[in-house]
Amino acid sequence: KWADEDPDRTAIIDMTDGTRTDITFAELKALSNQLANHLGSLGIEPGDRVGVFRPQSLWTAVAHIAIWKMGAISIPLFTLFGEEALESRLGNSGTKAVITDEIHAEKCAPSFEKISTLEHVLVPEQVDFQNASVEFEIAETTPETPGLIIYTSGTTGAPKGALHGHRVLRGHVPGISMLQNILPQEGDVFWTPADWAWIGGLMNILMTGLYFGVPVVACRMKKFNASECQKIVDEAGVRNVFFPPTALRMLKAEGAGIKGLRSVFCGGEPLGAEMLDWGKEALGLTVNEGFGQTECNLIVANCGVLFDPRPGCMGKPVPGHDVDVIDADGNRTLEEGDIAVKRGSGSMMLEYWNNPQATKEKFRGEWMLTGDRGIKEEEFIRFVGRDDDVITSAGYRIGPAEIEDCLMKHEAVASVGVIGKPDPQRTEIVKAYVLLREGIAASEQLSSDLQAFVKTRLAAYEYPREIEFVGELPMTITGKIIRKELKARAKRELETL
């Protein structure tokens, strides 16, 4: 659309080499057509799986678009994957080709010997496209035609491939418009420090930005910090950002904000009142929280220009997605239950790739289970915890997110993970693993202070009976604290007693 109606409109602002290069929609169309023609000459056909093993870059965007134009299926792959992680995804999907760069091509070499389907590793910068046509006849597809496999972060068991149809992009549009305070506005420019290999980077920013005709910044950050963020914002004219929760915490820990933004949204974990207040002060706006997952993304959202957020709540169901809290029988409930989304959502996966059993277990009747527990509060959905993270202590059901939010308000705390530790008397006790701010020393007195901090702000039964100060917390690549690893650590501690 944009290439035909406004060919000189900027599509990508490429800052990967430290200098700014603007790529128009006309150029993006021509490059993706040339790459599609080249892939066709290599024998790639509709339905074939093609990996995209690159960081943020122009060719990463070009690769996905070219693959979809062919009717093939793209598989985003994170460049920090090791050999085993890479091979498990390439092997499970039966990938036929990988599009990468010179640096990461070497990582693919061992896969040739182990994965029989893998035939090509392609570095576009090393291909002579001069003779490749800039015209390409796009394959006929429907909203249900498979176009994308994104693997879950795999905190338990082997990663599962969420297979999405071509409708997945349109399914993200209403949620992104809410989270970016209504799109598009004059002068909008998208950017995220999150890698485009994840649904948050690929769909929340890259593809929805292009859909709205908003320029998207491609930039590799060597080290995330406030000054580098501000530099990117200033040089590229960024106005709309997606920050993973970890990035916001790092900015807060620096005591620094970012100037010049129109909208900021965050997803992955509830921010809580303290982080929302910090956002208003440091960023000059309301940070909009969004909720979703690889299997069905951006189904709940806040929008500061439409309504005030409710601290502790994910937001309201996004138009086009029927999201609610259901009981064990699959009925809507006003009590605590499973947060679920009904079949029909545009961003919902078609299935788990080659895994019918896991697909079946993901659904309860017509509802896809998110794996999160919550409570419906009028139009809002309040997050309680992961279905296996909710702590049962002396008859109380305790959500770890609320305690984490409370402890994050303490001036000594940089980050925290809260879990239920098995206990013979109380079933479980609340245990907090605390990462302190730089320059703060751990002590018994500080531990007592933190316990009292929670007691006085939440409830006596919710305070952490155990606090362990740690040097780091286990996190997924997308910035979520892996409570399962903390639970396993607590269990090992009990076994050694």
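In which sense do E24 and strand E25 pair, and over how many bridges? Select residues 427–436 for E25 along with E24: the two pair in the antiparallel sense over 10 bridges (pairing takes at least two DSSP bridges between two strands; strands, E, of at least two residues and helices, H or I, of at least four are DSSP runs numbered from the N terminus). Look for Val418, which stands opposite Ala432 in E25.

A word on the model: it is predicted, with local features needing pLDDT of at least 70 and side-chain atom pairs counting only at pLDDT 80 or more, while totals for chains, interfaces and linings use all residues. Residues are numbered from 1 along each chain as its sequence is written, and side-chain values use heavy atoms, leaving out hydrogens and water.

Now widen the view to the open sheet, where three strands run in the order E24-E25-E26 with mixed pairing. E24 (413–423) and E26 (466–469) are the edge strands with a single partner each, so one side of each has no neighbour in the sheet.

Next, select 483–496. This is helix H14, which packs on the sheet and touches E24, E25 and E26 (contact means heavy atoms within 4.5 Å).

Last stop: helices H12 (residues 400–408) and H13 (residues 444–457). Show Ile403, Cys406 and Leu407 in H12; they meet Leu450, Phe453, Val454 and Arg457 in H13. By class, that contact has six nonpolar, no polar and one charged residues (Ala, Val, Leu, Ile, Met, Phe, Trp, Tyr, Cys and Pro count as nonpolar, Asp, Glu, Lys and Arg as charged, and the others, Gly among them, as polar).

Methods
Axes are lines fitted to C-alpha atoms, for helices over the stretch in contact, and angles run from 0 to 180 degrees between N-to-C directions.
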